[in-house]
Each structure stands twice: as C-alpha cells, then as structure tokens.
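The following exercises are to be worked with the sequence and the coordinates at hand. Each task is followed by a solution in steps.

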Amino acid sequence: MVTCSADGKPNTTVISQVYYVDETHVALSFQFFSKTIRNVRENPRAFVCVFDIAGQAHWALQLQFERSETTGPVFDAMDMQIEAIASMTGMSGIFKLRAADIYRVLSVERVQHPPWT
Amino acid sequence: MDVSPNITELERKIAEVRILQRVSADINSTLDLDEICDIALRTMDELFAFHHANILILEPDNTTLRVIASRGYENQAVGGRVAVGTGVIGVVAQKRRMMHVSNLGQQRAYAAAQRREMEKSGRQAQLGDTIPVPGLPNAESQIAIPLIIRDDLIGVFSIESPVPRSFGDHDRDLVTIVANQIASAIHNARLYEERRVAAAALQEANASLEARVAERTAALERELRVAQALLKEARSRVEGPLLGDSAVASGLRETVARQARAVAPLLLTGPAGSGKEAVARAVHDASGRSGAFIFVSCAELNTHESLFANRFELASGGTVFLDGVHDLPPEVQRVLHVTLEEGQRRFLRGESSVPDVRVLASTTHDLREPPPGGFLPLFQLLAANRVMVAPLIDRREDIPALVDHFVRQHARRLGKVIDRVSPDSMRRLEAYTWPGNIRELKTVLERAVLVCKSTVLEVEGEQLNEALAVGSYRLVSPLGSGGMGEIWLATHRFLVRPAAVKLIRHDVAPGAAREQLVRRFEREAHVTAGLRSPHTVQLYDFGVNDTGSFYYVMEYLDGLDLHRLVTRFGPQAAERVITLMRQACRSLAEAHERGLVHRDIKPANLFVTRLGTEFDYLKVLDFGVVKEQQSSQDATMLSNQGMVQGTPAFMPPEIVMGEARIDGRADLYSLACAAYWALTAHTIFDATTPAQMLLQHVQARPIPPSKRSELSIPRQLETILMTCLEKDPANRPASALQLDQQLAQVRCEAAWTNERAREWWETHAPELLAGSS
C-alpha cells in the first residue's frame, strides 16, 4: 500500500488484507500503521497492489479514503478474523483492530507483475 | 441460447435439496450422539466432496471445546481441545457468530512476519506463545458455525480446506442449515440422556427409600413390641401393692387420688420393697398427664449426669420418678434443687401453667430424724410433701388380697391353673415377718407357683426366708426360668459378691436311679469347674439342696444373651457377630480338648456382657452340666419340658439322628445356627412344629443368610457359616480353633472395636451397664 503525505513524501507498507465490501468499496484494517494512517488522513488517495495467490494474478487499485468504522458488520467480520489469527500466533493485544477504513475504488487494473518487480 | 449450464445448476440444486431433506430425516431419527455426528460428517462429504470437518462440544466448564467427531485428518482429531477465544473455532464460540475465512494461510504468514519483526526489534516480551488448534495445519479456507440452542452455545461445527477461497456464500448457507440440524439433534440427544439418567436415579432412589421405609417399619415394630412388653410389665407392678382393706391400703389409695392432680414434687418414704414405685406409678396414671412415666434409678446415675438430664427430657409432659433419691450425687442434687425451686417460683408467679415434669421421688432413708448437719436443701424441699409407704408388716391384713393377686399373676404368666392357696400356707404367709416387704412376698409366691404341681398352692416354711438358700448362697430374686429350672440372683452369705444360681428340677424318685443321676451331675460339674477359658461362665459351686433340686452357682453377669439381644434390637452387624463367635470358639476349643461337648449351643446360652473396660465380652453359659441327662430324655419328655421351644432350631443333624459318637463339630453347627440368627433374626429353617424343624436339620439345605438380611454379610463369612452347617461333620471345620482362625480372616466393611461396642451399650442398654464391672 502506497500513501503520500500532504507535503508529497510517499510511504510504502505491507498489509495483510483487503476486504471486499461491495462493488465500489474495499476495507483496510487500521491496526498500527501510524504513518500510513496519518498520510491518508492528510491526503485521502492511496494505491494498493493485491496478490491473488489462487488466481495467480496481481491487481493495482487506486483508492479514495471515505470513512473509518469502529462498529458494524464489516468491522465485526474483520475483527473476528484478526482476533482468531492473533490468538493462535501469540499476538493477542498487538493485533487489534482499531478501525475498518472504508475506501472507494477509483480504478482496478490487472498487472502482470507488481510495479516494483 | 445455451441452457446447459442452467440445467446443470438446477440438477445440482435438486441434489442438494435431496441431501438436505435426507440429513434432516436421518439426523432426527436418532438420539445417539455418535450417529448424529456421523450423519452430519457424511453429509459434508456428499455436499462438498471433501474430507475435513470437526464437531466440537462446549465442555461443562464453559471455557473449552472438545472435538467429539472429525473426518479427514491424518491423526484422529477426536478428543482434541481448544480454548474458547483461541483460533477460528475458539473465537466463533466466544463471539457466537459464524466465521468464513478464505485466506487463512496468508493471514498466518503475515502474523508470523510481524512476529519476527517484533522479535528483531527486541519486543519479545509483548509476545505470547503460539497455540496449536485442532484442524488442518495448512488450512486456507474455513467456515466455523456456532451450535446454539435457545441462546445457549453447545459447540462449534467447522469445515476446512487447504485451498484458498474454497467456499462461496452458497456453501456457507448449506453448512449453516446442516449445523442447525446438528445443534437441534445434539440438544435432543442430551435431553434424552439427562432424562434417562434422572429416571434411573429416581428409580434407584425409590428402591432405596422403600428399603429404608421397610427397615424403619421393622425397627419401629420391634420398638413397639418392646414398649408394649415394658408397659405390660409396668402395669403389673402398679396393681398389687395398693390392694387390701387395711387402713394403710385405704390411706395409700386416698393419697394417690389426692396427689394425682397436684404439681409439687412428692417424696415417698418407706422400707425397700414396700411398693413406693407402685404408688408413684398409680399417681402418674391417675394424673391424666399425657407424657411418659420415666423411672430413674438414682444409684445407677453416679457417672451419668447428662443421662439424668435426658431422662427429664423424656418425661416432658409426664412424670419422672427418682428411685432412691438419696443416692443422687451431691452435685446433681444441687442442680435438681435449683431447677425445682425455680419451677415452683415461676408457677406461683403464674408464669407457667403447670410445671412440665412432675417429680416424684422415693427414699428408704428415715426422714423423721434429720442426719447430723441437717438435710440437704433438696431433701428439705422434697420433704415438704411426703407420704410414708408402710412396711408389709404394718398391713398384715392385706396379705390374703396381695397373695391372691400375685398367685393369679404368676399362674397366668407361667400358664398354670391354681385355684387357691392351702390354709396352712396362707397362715404361714400371714405369720411371716416379711423383712423384704411386698417384693419378697411376690418373689416367694413366684417361686412357689413355679414349682407347684397341683391346683392348690403350697408354700412350705423353708421357702420363706431361710429356705431361700442353696449352699452358702442366699437367693435374692428370680432372674428367669426355663424348661429345666430357674435362675436366681443370689449373694454369698459371707462374701458380698453376687452370683447366679441355677436350680434344676427333676422327677426322679429317691433310689438307685437318682443316685446315678447325682453322680453324673457331680462328674459333669467337676469337668465344667475345670474349664478356665475366660469366655466360659465360671462355676463357683454346685450341689443338691434340701428339696432335692440340683443347683449350681455361677458368676453373675450383667448384660443380655444373644437371643434377647436380637429379639430386642434386631439383626446385628457381621463384624459384631464375628467378634462374638470368635469368643465362643475359644470357650468351645478348651471344652472340646477336654472331651466335653456343650450340645446345647444356642443364642440363649451365649451371654454378652461387659467385663471391666471390655464391652461385648461373650460368655458361654450352661456348659455340660446334666447335658447327658437331657439328651437321654425321650422326645415326649423334650416336648413336655419345653425343650423344643428353642433348642431344635439349633440342633445338629447328628444329635437329631441320635448318633452315638458326638464330637465338638456338633457345637460348631449349633454355633453357626446361632450366628445365622444373630445376622438375620431368623432361625436357619422356618418350621411350625419341632418335628419339622428337626427333619430339616437332617435333610434341607439352609438359605444363605445374605438372602435373609438387609444388612451386608461378607461372602467369606457366609461361606464359613454354610460350611459349619454341612450335614456331615467331616465337611465342617475340624475344630473350634480352626473356625476361629477362619473367622479372623473375614474382611468386613468396618471393624467392631471395643469403642464401637461401648457406644452401642451406652446408646441401647445403659441400664445393663451401670452395675457391671
């Protein structure tokens, strides 16, 4: 996931999940990416590259941050999954969903290789 | 238009519906948990053609889930556990919400990467342990559904696949339908099991309750019989002493009428045997008080102050009679004095209507002259309302009425017909001084009735006072009587020690036959006197008295024989019976070694007593003496003498058959019969006539005692008893010592200790302990 601060400094990070919300929206988990979150709050645009292992494909998504949810079905489903993984791997208390950030999908593009390879 | 994909889809859906219909029918047709799980897992196979599914049940602690059925795992997952809140299944149970994950491996890898990063940056302390959970280690897709019935979580149903995104929304819906069926079926199966267990418990409780009710009923019936006997005996004691036309007798009757409604304590004075207890009972009977008349022998209460208080409680609403109140320990006298005084004060102040317990007391002390230092306060209080019960000598004109009453009473009890007392006898009775008062009169008449052979009662001069002696012993009061004679409490003329004297009647006229009989009696008495076992009753003396009766003098024992013990208190615990039997064995072993066979071992001849600090000390009575004479009697004689009333029930087959050679094993048979009686309160055979009983000893096999008692009888003990009851002596234990050793090996639920024996006596028969030592 690539974000950019208001003064133009980019930041790249690795995220575990891109949740499908509906045809025009995805959700990303807000756990502990402080720089990413700060950037998105300053500049709502983001770029995400998704690996689909089963489909052997990669997708590039242009996103626009819309809102942050701390309750509701999307938050609950994401929260349960994170808690299930955290409890098995000794990460309880560290892996904790603080919010589900909802993004509008501006574009989706299939790419042969991720841009950095 | 290409419709084939739609047709295929339609066929698939129809197949799914059929599978779901079948699973619904199958799963609801059973209440067996294993079968329910099997149907559910088989359905998963049919719907998805894969093999990874788990059914977990929430444990009663509500913190753990346990796999009860699984399919498709290399290592059988059944029995595996996961904590609520851990992993996909644990979180589903915690949140009670379904979870559908499609990229579990990816998420795990991400978490592992994060973990490594933290470890590298030195933040290990924040990390917990990784926890394995049941299921595929490389699962990518998983649907886990909580099994919920009426808001209660009962478990989790989970399916897994190693392939990412294996399950779509449609699959999730199908699994949800099956999970709901599973939850419902498991719930039904559990309810059914709970009810089955509850019904079984109820049935068991019912059976136990019925048994307890039956046991309690039997105990109550026994208590009732004992109470009735005591009541009857008490009534008979009331009647006599108030009879007669003398001024003394009229005065006593008036006193009774006057005192009956009074509430103040009443003190009865007068010499021993004058009838003070009878007057007290008459006062109680006429009082209309609903409670009991409780007799307290103060001389026996020296070390039992608490018992004294208990007796007062028993007398609530009735009367307590303190016999020999002068014997009360000073401390108890003080307590009683305070209690009586307080009761009187409250009564005078009108604080209570009537004192709850009427106190009557008796003393043989002469209160006309105070002792040096004056009366104790209790006596001052009691003496305020006192009545003198005069000695018999002062109411001599009542003697005919009293004689008539006691003769009728004894004749009725002994089953004799006596029309009158001869004039000479009556003159003797009226002329006699009666130092023992009415009690002595009653005793003399009892003995006279016992030996009387016609309808006219004769009382010879020697039967009065001086005649009531055998050898160096003076007879005090009768203790009992049987077919062959009577037993008296006696005291040595010079030594104070009490003794029991047995007088044996016979109908053999003077002459050679009688001489022979005397010699045999003497020979057997010599042998018996030589027995040294502490479990054999000691013989002090023997002889023939002036009236021609044989007598022998034995140590006097407090306690009761096994016959009375079981009659009064019912079947006894196996460990106690073993303890008693072993003591009898030791007595018999010595006798058998000397060639003496008892021949009449029966519960009435096994006397349970206290010897010093030892409780349940058993003494074998009636050893050998005149036994040969008895056994040579013909059957008619046996019947006439009442022998068949008890003894046939304990008679070994070889004696029944009249075998010439009888040895100690005959006693072992009888001892086993007695033990059988003690364990079950039944004789080994049920028979309505002596002949039937004797026949069964020869022919029938007894029912094992465990089948006739509600108490537990160790199998080992039963085997030993049944061996002793073998018809052929050769099949019984070879000796009493061998039997003793076998009994020592029997393991019981609890040991019969001296402490338990002491508790038993103190609880059940404290009155029998007081005087013994």
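**Exercise 1.** What percentage of the 117 residues of chain A count as buried? Determine also the order of the secondary structure elements of chain A.

*Solution.* The model is a predicted one. Step one is the burial count: a residue qualifies as buried if 20 or more other C-beta atoms lie within 10 Å of its own. In chain A, 26% of the 117 residues count as buried. Step two is the inventory of elements, which gives two helices and seven strands for chain A. Their order along the sequence is β-β-β-β-α-β-β-α-β. Step three concerns the contacts in chain A between residues at least 6 apart in sequence: 68% of these join residues at least 24 apart.

**Exercise 2.** Describe how chain A and chain B meet. Which helix gives the most residues to the side of chain B that touches chain A?

*Solution.* Begin with the two sides of the contact: 27 residues come from chain B and 18 residues from chain A. Next, assign the side of chain B to elements; those that give two or more residues are helix H3 (87-95), strand E4 (99-101) and helix H4 (104-120) of chain B. H4(B) gives the most, with eight residues.

**Exercise 3.** Characterise the largest nonpolar core. Which residues in this core touch the most other members?

*Solution.* The core has 77 residues, and those that touch the most other members are B:Val501, B:Val553, B:Ala672, B:Ala674 and B:Ala675. Helix H20 (residues 665-680) of chain B gives the most to this core, with 12 residues. Domain 3 (468-556) and domain 4 (559-626 + 643-768) of chain B each supply at least three residues to the core. Beyond its neighbours within four places in sequence, B:Ala672 is in contact with B:Leu721, B:Cys724 and B:Leu725. A second, separate core has 62 residues, including A:Val18, A:Ile85, B:Ile145 and B:Ala183.

Technical notes. Residues are numbered from 1 along each chain as its sequence is written. Chains are lettered from A and ligands numbered from 1 in the order in which they are written. This is a predicted model: local features need pLDDT of at least 70, side-chain atom pairs count only at pLDDT 80 or more; totals for chains, interfaces and linings use all residues. Helices (H or I, at least four residues) and strands (E, at least two) are DSSP runs, numbered from the N terminus. A residue is buried if 20 or more other C-beta atoms lie within 10 Å of its own, exposed if 12 or fewer, and partly exposed in between; C-beta atoms are placed from the backbone. Two residues are in contact if their C-beta atoms, placed from the backbone, lie within 7 Å. A nonpolar core is a set of buried Ala, Val, Leu, Ile, Met, Phe, Trp, Tyr and Cys residues joined through C-beta atoms within 7 Å. Domain bounds come from an automatic or database domain assignment.
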